Amino acid sequence: ILRAVDQGNDDVVAYRDRAILLLFMTTGMRREELCEIYLDDIDLMNNEVVITKKGNNHQRCFFSDATASAIKNWIRVRHMYIKDGENPQALFLSNRGKTISGRTVYDIVDKYSTAGLGYRISPHKIRAGFCTILDQKGWGIQAIQHAVGHANVSTTQRYIRSNPENVRREAANAIF
C-alpha cells in the first residue's frame with residue numbers, strides 16, 4: 001500500500017497520504033479520530049498524538065519514527081494546501097484547504113489498497129489488521145483493547161482474525 005503512494009503522485013499528495021496511512025497502520029485509530037487531529041495535538045519530539053475518542057474522551061497514541069518522519073514531511077509542505085487568508089488548524093487538509101473529510105480519507109485508503117494489494121480495504125479494516133497483528137505478536141487481549149481504546153474487551157475480540165492453521169499448530173504444541 002505504501003509503495004502505491006509513491007507511484008504516480010505529486011510530492012504534496014504523497015506526503016499527506018503516506019502520513020495518513022502510516023498513522024492508521026501504527027496506531028489503529030478510527031477514521032473520524034484521524035480527521036479530528038489538529039496541529040496542537042501532535043508531539044513529534046515524543047512521537048505521540050492526542051486523539052478525540054467516541055464520547056469526547058481523549059487518548060494519547062504513540063507512533064513509529066517512520067510515521068513521525070512522514071508527518072514532518074507533510075507539515076513541511078502542508079502550507080501549499082492553505083488558501084489565502086485562511087488558517088486551518090487541522091493536521092490533514094483536503095485539496096480545497098479545508099479539514100479533510102472522512103469520505104476523502106476512505107477514498108485515499110481505497111485508492112492505495114486497490115493499487116497496492118489489488119483489492120479494496122477500508123480504514124476500519126486497517127484498524128482490525130492492527131489488532132490482529134498485535135495478537136499475532138503475542139499481545140494480550142487487554143493490552144490490545146487499551147491500544148485501540150475499546151471500552152469492552154468483547155469488541156476487541158471481534159476485531160482479531162485468527163488463522164485457524166496457526167491456532168491448531170499452537171494448540172498442538174501447547175500441551176508439551
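Trainee: How do the side chains of K53 and E33 meet?

Mentor: They meet in a salt bridge, with N to O at 3.0 Å. R30 joins E33 and K53 in a network of salt bridges.

Trainee: Where do such values come from, and how are residues numbered?

Mentor: The model is predicted, and local features need pLDDT of at least 70, side-chain atom pairs count only at pLDDT 80 or more, and totals for chains, interfaces and linings use all residues. Residues are numbered from 1 along each chain as its sequence is written, and side-chain values use heavy atoms, with hydrogens and water left out.

Trainee: How many salt bridges does the rule give, and what does the one between D6 and R18 tie together?

Mentor: The count is eight salt bridges. The side chains of D6 and R18 form one of them, at 2.6 Å from N to O. D6 belongs to helix α1 and R18 to helix α2, so this pair ties together parts that are twelve residues apart in sequence. Helices (H or I, at least four residues) and strands (E, at least two) are DSSP runs, numbered from the N terminus.

Trainee: Is D6 buried or exposed, or something in between?

Mentor: Buried means under 20% relative accessible area and exposed means over 50%, with partly exposed in between (1.4 Å probe, protein chains only). D6 has a value of 47%, so it is partly exposed. R18, at 22%, is also partly exposed.

Trainee: What of the salt bridge between D17 and R16: are its residues buried or exposed?

Mentor: The side chains of D17 and R16 meet at 2.8 Å, N to O. D17 has a relative accessible area of 2%, so it is buried. R16 stands at 7% and therefore counts as buried.

Trainee: How many aromatic pairs are there, and why is the pair of W74 and Y81 given its name?

Mentor: There are two aromatic pairs. The ring centres of W74 and Y81 are 5.3 Å apart and the planes stand at 85°, so the pair is edge-to-face. The rule pairs rings of Phe, Tyr and Trp (its six-membered ring) if their centres lie within 6.5 Å; planes under 30 degrees apart count as stacked, over 60 as edge-to-face and the rest as tilted.

Trainee: What makes the pair of W74 and F92 stacked?

Mentor: The centres of these two rings are 6.4 Å apart and the planes are at 20°, so the pair is stacked. W74 lies in helix α4 (residues 65-77) and F92 in the loop between α4 and α5 (102-117), so the pair ties together parts 18 residues apart in sequence. Ring pairs link W74, Y81 and F92 into a cluster. W74 has a relative accessibility of 0%, Y81 has 9% and F92 has 1%, so each counts as buried.

Trainee: Which residues touch the most other members of the largest nonpolar core?

Mentor: They are W74 and F92, in a core of 37 residues. A nonpolar core is a set of buried Ala, Val, Leu, Ile, Met, Phe, Trp, Tyr and Cys residues joined through side-chain atoms within 4.5 Å. Helix α2 gives the largest share of this core, nine residues. Another core, of eight residues, lies apart from it and includes F130 and I160.

Trainee: How do you know that the buried residues of α7 line one face?

Mentor: The buried residues of helix α7 (residues 141-148) are I144, Q145 and V148. Seen down the axis, they fall within an arc of 105°, so they line one face of the helix. The arc is that of the directions from the helix axis to the C-beta atoms. Q142 and H146, on the other side of α7, are exposed.

Trainee: What is the order of the three strands in the open sheet?

Mentor: The order is β1-β2-β3, with antiparallel pairing. Two strands pair if DSSP finds at least two bridges between them. Two bridges join β1 to β2, so these strands meet the rule. The edge strands are β1 (42-43) and β3, each of which pairs on one side only.

Definitions and conventions
A salt bridge is a side-chain nitrogen of Lys or Arg within 4 Å of a carboxyl oxygen of Asp or Glu.
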